[in-house]
Amino acid sequence: CTLLPGRILLAGYAEDYTTGAVMNFASVFAVLFNGCTGIMAGANMSGELKDPSRAIPLGTIVAVAYTFFVYVLLFFLSSFTCDRTLLQEDYGFFRAISLWPPLVLIGIYATALSASMSSLIGASRILHALARDDLFGVILAPAKVVSRGGNPWAAVLYSWGLVQLVLLAGKLNTLAAVVTVFYLVAYAAVDLSCLSLEWASAPNFRPTFSLFSWHTCLLGVASCLLMMFLISPGAAGGSLLLMGLLAALLTARGGPSSWGYVSQALLFHQVRKYLLRLDVRKDHVKFWRPQLLLLVGNPRGALPLLRLANQLKKGGLYVLGHVTLGDLDSLPSDPVQPQYGAWLSLVDRAQVKAFVDLTLSPSVRQGAQHLLRISGLGGMKPNTLVLGFYDDAPPQDHFLTDPAFSEPADSTREGSSPALSTLFPPPRAPGSPRALNPQDYVATVADALKMNKNVVLARASGALPPERLSRGSGGTSQLHHVDVWPLNLLRPRGGPGYVDVCGLFLLQMATILGMVPAWHSARLRIFLCLGPREAPGAAEGRLRALLSQLRIRAEVQEVVWGEGAGAGEPEAEEEGDFVNSGRGDAEAEALARSANALVRAQQGRGTGGGPGGPEGGDAEGPITALTFLYLPRPPADPARYPRYLALLETLTRDLGPTLLVHGVTPVTCTDL
C-alpha cells in the first residue's frame, strides 16, 4: 500500500520477483492467510485436551487476537522504518534492520517448526481417526499403526510424505495459494456443519459459545467460497471436486451408524414443516393420487403383490402393514419393535418406496382397523386398502426364486448380518390353520369401506409376467393386455349401462398402472355390458367421450350377456342387492360362473388365450396380463360373508392375475 499526503491508503501492487506475476489482493491474501491457519489446531488436538469445550473457543480467540495484534504492529513498524523498494525486493529485510540479525533466523526457524509440527500432528490425528474408522479402505490402512503409548507415528509419517509431494511444486507463493484454498474449504465445511445443525433445530446442539449464530455460519461459508475463487478459480474448483468425490466415496461405503447423519435431521425438520402445510381441507379431486396400505401376512408369499402395489401408488404414500397377534398385557415386552429392522431390509432389497407400519393386536381384523386409522401423518394417510385374495391356493416362497433375494456366498460368515430369509418364517403349509378366517377377512373389507377407504383385492399376483414387475422399461417381445370391467358383474340387470364412481376408480387405477415404464407397452381394454334398455353403441359412445375428456387411451368393447348371465333376472334396487338377496346359492353361483366365463372368453378372443383363457388359442398373440374387476360391496348381513367370498372366488377362478377394486371416492374431474 502507498501512503499519500492526503492520508489515503491505496493499493500499490508490484511484480513478484520470484514468479514474475503482478500481485493483487487475492494473491497477497493467499500468502498472509497461511499465518492464520492455526485456528483449527485446537480442534485437531481435541482428543488431547482436558476440557475441549472451554479450551478450544477460548484458546482460539486469544490466539487469533494475539496474532492479529503482532501482525498489525509489524505492518506499521515496517512501513514507518523501511523504504518501499526494500520491502518489494528483499523478503529477508528483517535481518538488515534487526538489532541482532541471528535472532530473525532463530525466529523464522522456530515459527516454521512450530507451525509445521502443529499442522503435522493435527493432520496426523485426523488421518489416524479416518483410518481407524475404515472410511477409505486400504488407502489409509497404514495410518492405523500406533506405538505402545498410543501415538499414531505411522499417520505422522503418512502426513509427512504427503507434504513432501506437495513441496515438489517448488514456488512458495504458488503453494501458499493452493494451501490457502484447501484451508478455506476446511473452514467452509466446519461452518456448513454448524449451519446445518442450527437449521435442523437439533435439541442436542447447544453451543456454549455465546456469540454463535447461524448468520455468522452463513457469512463464514459465503466468505470462504468467495475468497477461494478470488485466489484461484482453478484450485477452488479442483478442491471442491475433490471434496465431492471424497464425500461420494464415503457415502457409497457407508460410515459408522453411531456417527449420526445431519442430513437425517435436516430432512426431518423440512418434512415436518411441509407436512404441517399439507392441509387436508384443501384436497381436490384434480390432484388425487392413490395412497396405499398393503396388509402383508408373510412377505415370502406376497413379493409380487408388494411390487405391484409399488407400481400402483403413482408418487403417493405406500405403507406396508403387518399385524402381529398377541396381547401386550400378557407379554414381557413389545414383540413388534424388534421386527422393524427385518421389514426395512425387505423394503431395501425389494427396491420399493414404502414405509413400514407394524402393530400388535388380538386379531388381524382389529389390527387392520388400527392401521387404517393411525397409519400416515397429516395429509399423508392411506386412502386405499390392498389385500391378497383369500383362497385355497398353496402359498409360494418367492424368496427362493427372486434374484434380489438370493443371499451372497459370504452371508453366513462370522460377524455378518443374518440373512433376510431367516428373518421371516417359512410360508404356511397347505392345510395349516390361518391367522385370519373367511368371516374376518370379509369383515375387514367391510370395515375399510365403512371408514371411506377404497379396497383392492389381488388374486394370483404371483402369475404376473416378471418383466412387468421390473424397474426397467418392461421391454419384451410379448404383447399384453390390461382388461378393465368397470361394471358390477354380480348385479344382474340392476346397474347402469354406463360407469359409476367405482367404475371410474377402476379406470383411474388401470391408467395409473399404464404410466409405469414396465407397463407402457401393455394395451388397455375396457369392456361394457349392454344394459337392458340400451341399444348397442350408446354406452360405448358416452364412454369414449368421457375417455377423451380424461385423456385416457383405451380400446372400448361392448359385450352381450348370454343366457346364463342374469337374463330374465329382476332389476336390483341398490348395489350389492344380489349378494344381499335371499335367492338360492345355486342361482348366485350360476351367475358368478356365467360372469367368469364371459371374462375368460374375452381374454381368449383373438388374444391367444391369456391366463385362464380358453384352451387352444394362439399362444403367440397378445395375452391378458392383468384384469381389473368391479368389487361389489359385502352384504349387510355378516352371516352372508362366506357366501360373498365364495361368489368372488367363483367370479375370479382361472382368470390369472386379477384385481378386484371398489372405489368410494371420486378420482376424476373434467372441470378446468
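Student: How many helices and strands does the protein have?
Tutor: This is a predicted model, and in it the protein has 20 helices and twelve strands.

Student: And what share of the residues is buried?
Tutor: Of the 672 residues of the protein, 38% count as buried, while the accessible surface comes to about 37000 Å², with 62% of that belonging to carbon and sulfur atoms.

Student: Okay, let's look at a pair of helices: at what angle do H14 and H15 cross?
Tutor: The axes of H14, residues 364–374, and H15, residues 438–450, cross at roughly 20° and come within 9 Å of each other. That angle is under 35 degrees, so H14 counts as roughly parallel to H15, and the crossing is right-handed.

Student: Which residues of H14 and H15 meet there?
Tutor: From H14 there are Arg365, Ala368, Gln369 and Leu372, and these meet Asp440, Ala443, Thr444, Asp447 and Ala448 of H15. Sorted by class, the contact between H14 and H15 has four nonpolar, two polar and three charged residues.

Student: Is Leu490 buried or exposed, then?
Tutor: Leu490 counts as buried, because its relative accessibility is 4% and the cut-off for buried is under 20%.

Student: How far is Leu490 from Leu651?
Tutor: Their C-alpha atoms are separated by 8.5 Å, although Leu490 and Leu651 are 161 residues apart along the chain. Across the protein, 75% of the contacts with a separation of 6 or more are between residues 24 or more positions apart.

Key: Residues are numbered from 1 along each chain as its sequence is written. This is a predicted model: local features need pLDDT of at least 70, side-chain atom pairs count only at pLDDT 80 or more; totals for chains, interfaces and linings use all residues. Side-chain values use heavy atoms; hydrogens and water are left out. Helices (H or I, at least four residues) and strands (E, at least two) are DSSP runs, numbered from the N terminus. Buried means under 20% relative accessible area, exposed over 50%, partly exposed in between (1.4 Å probe, protein chains only). Contact means heavy atoms within 4.5 Å. Accessible areas come from the Shrake-Rupley method with a 1.4 Å probe; for residues, only the protein chains shown count as cover. Axes are lines fitted to C-alpha atoms, for helices over the stretch in contact, and angles run from 0 to 180 degrees between N-to-C directions. Angles under 35 degrees count as roughly parallel, over 145 as roughly antiparallel, 65 to 115 as roughly perpendicular and the rest as oblique. A crossing is left-handed if the near helix is turned anticlockwise from the far one by less than a right angle, and right-handed if clockwise. Ala, Val, Leu, Ile, Met, Phe, Trp, Tyr, Cys and Pro count as nonpolar, Asp, Glu, Lys and Arg as charged, and the others, Gly among them, as polar.
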